[in-house]
Amino acid sequence: MATDVRLKEELPSITDQLVETYTECSRLNHLAHEPLPNRDAVANIAGDLFEVLYPGYGKRQNLHIGNIAYYVGSLVDALHDKLTTQIARALRHELCHESPHADCEKMAQPKAVELLRRLPAVRKTLEQDVDAAFRGDPAARSHHEIIFCYPGLEAITIYRVAHELHRLGVPFIPRMMTELAHAKTGIDIHPGATIGSGFFIDHGTGVVIGETCHLGRNVKLYQGVTLGALSFTKDEEGGLLHGTYKRHPTLEDNVIVYANATILGGQTVIGARAVVGSNVWLTESVPPDTTVVLEKPKLRLKGAKPVNEPLTYEI
């Protein structure tokens with residue numbers, strides 16, 4: 001490959017200009033001795049957690065009651081070490097300015113063990129989520145198909161684990177996990193959201209669930225649903241106030257929200273067993289047992305078409 005020497009001579013100057021920005025734009029780099037959580041390591045942890053939660057569906061098959069304890073035991077042991085390392089990195093970054101000499105590994109280990117301690121309860125909740133998908137989707141042929149194939153369940157699974165880490169006060173890693181699922185499935189669930197068992201997302205692409213959402217049991221969402229914030233609180237100087245004040249809606253038990261509906265606001269409550277139709281925009285509460293739909297739009301056919309040709313519609 002031919003190279004232009006004159007162009008290559010510019011490279012040291014380009015490097016110098018980039019390095020200058022590392023001082024100017026210091027919030028875009030982390031030039032410290034202590035490493036941040038590693039994205040690949042967090043993705044690896046998520047994969048191991050999937051193996052523990054759904055044994056036999058992932059990397060290792062041919063599992064049976066005689067070897068499952070050994071296999072899961074080795075995974076749990078490895079997860080303990082991996083989680084402790086990544087949680088310690090996250091804690092160190094959060095505490096480095098206030099407590100530079102804090103023993104972050106000592107703080108991280110009990111959080112890692114507590115997450116592992118909670119996995120049996122997470123599995124029991126996920127079983128209800130899988131069953132909700134089977135009962136809620138006539139296209140589902142089996143529970144196996146849901147675990148193998150449904151992006152909604154994958155996003156919910158990662159959320160369930162990330163939510164427990166969030167509850168344990170672990171920074172960064174819960175959001176890193178849910179963003180991995182978001183990138184893969186198109187479903188964006190903040191780990192701070194509170195979601196009851198029997199949760200089903202049908203199809204799923206484009207679903208957004210905000211940090212302070214509260215969803216009851218047996219809630220069902222379709223693709224494109226947004227559960228978002230209506231407005232944001234600002235401080236005295238007009239800047240955005242950060243924190244976990246209630247910004248996102250509450251959906252009570254057995255609510256169904258159809259495709260592309262948008263529900264906004266921390267004071268918005270969708271009552272139990274309510275149904276919100278497609279493309280509805282809601283910023284106010286809805287009583288229980290209520291159905292909210294848009295009025296049917298009028299269709300207008302433009303131009304005559306031969307009988308055998310498909311009709312086109314203009315709304």
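Here is a chat about a predicted model, its salt bridges, a helix pair and its sheets.

Student: Hi! What am I looking at, and how many helices and strands does the protein have?

Tutor: Hello! This is a predicted model. The protein has eight helices and 14 strands.

Student: What does the C-alpha trace span along its principal axes?

Tutor: The span is about 70 × 65 × 55 Å.

Student: And what share of the residues is buried?

Tutor: Of the 315 residues in the protein, 39% are buried. On contacts, take the ones between residues at least 6 apart in sequence: 45% of those join residues at least 24 apart.

Student: Okay, electrostatics next. How many salt bridges turn up in the whole structure?

Tutor: A search of the whole structure gives 14. One of them joins the side chains of R92 and E105, with N to O at 2.6 Å.

Student: Where do R92 and E105 sit?

Tutor: R92 belongs to helix α4, residues 68-95, and E105 to helix α5, residues 104-136. They are 13 residues apart, and the pair links distant parts of the chain.

Student: Is R92 buried or exposed? And what about E105?

Tutor: R92 counts as buried, at 16% relative accessibility. E105 is partly exposed, with a relative accessible area of 41%.

Student: Nice. Which residue does R118 meet in a salt bridge?

Tutor: R118 meets E164, with 2.9 Å from N to O.

Student: What else does E164 form a salt bridge with?

Tutor: E164 also forms one with R167, where the closest N and O atoms are 2.8 Å apart. Both residues lie in helix α7, three residues apart, which is about one turn of the helix. R167 is exposed, with a relative accessible area of 53%.

Student: Which residues are linked in a network of salt bridges, then?

Tutor: The network links E114, R117, R118, E164 and R167.

Student: Let's stay with α5 and α7. How do their axes cross?

Tutor: The two axes come within 10 Å and cross at roughly 145°. The crossing is right-handed.

Student: Which residues meet there?

Tutor: From α5 you have L115, R118, V122, T125, L126, D129 and V130. They meet L153, I156, T157, R160, V161, E164, L165 and R167 in α7. By class, that contact has eight nonpolar, two polar and five charged residues.

Student: What about L119, which helix is it in?

Tutor: L119 is in helix α5. At 5% relative accessibility, L119 counts as buried.

Student: Leaving aside neighbours within four places in sequence, what is L119 in contact with?

Tutor: L119 is in contact with L49, V52 and L53. For a sense of distance, L119 and L230 are 111 residues apart in sequence and 34 Å apart in space, C-alpha to C-alpha.

Student: Switching to strands. What is the order in the four-strand sheet?

Tutor: That open sheet runs β2-β5-β8-β11, with parallel pairing. Its edge strands are β2 (194-195) and β11 (269-270), and each pairs on one side only. Strand β8, residues 250-251, is joined to β11 by two bridges, and L251 stands opposite I270 in β11.

Student: And the five-strand one, what order does it have?

Tutor: The order there is β3-β6-β9-β12-β14, an open sheet with parallel pairing. The edge strands are β3 (200-202) and β14 (291-292), each pairing on one side only.

Student: How many bridges join β12 to β14?

Tutor: Two bridges join β12, residues 275-276, to β14, and the strands run parallel. In that pairing, V276 stands opposite V292 in β14.

Note on methods
Residues numbered from 1 in each chain as written. Predicted model: local features only at pLDDT ≥ 70, side-chain atom pairs only at ≥ 80, totals over all residues. Heavy atoms only, no water. Salt bridge = Lys/Arg side-chain N within 4 Å of Asp/Glu carboxyl O. Buried < 20%, exposed > 50% of the residue type's maximum accessible area, 1.4 Å probe, protein only. Axes fitted to C-alpha atoms, helices over the stretch in contact; angles between N-to-C directions. Left-handed = near helix turned anticlockwise from the far one by under 90°. Contact = heavy atoms within 4.5 Å. Nonpolar A, V, L, I, M, F, W, Y, C, P; charged D, E, K, R; others polar. Pairing = 2+ DSSP bridges.
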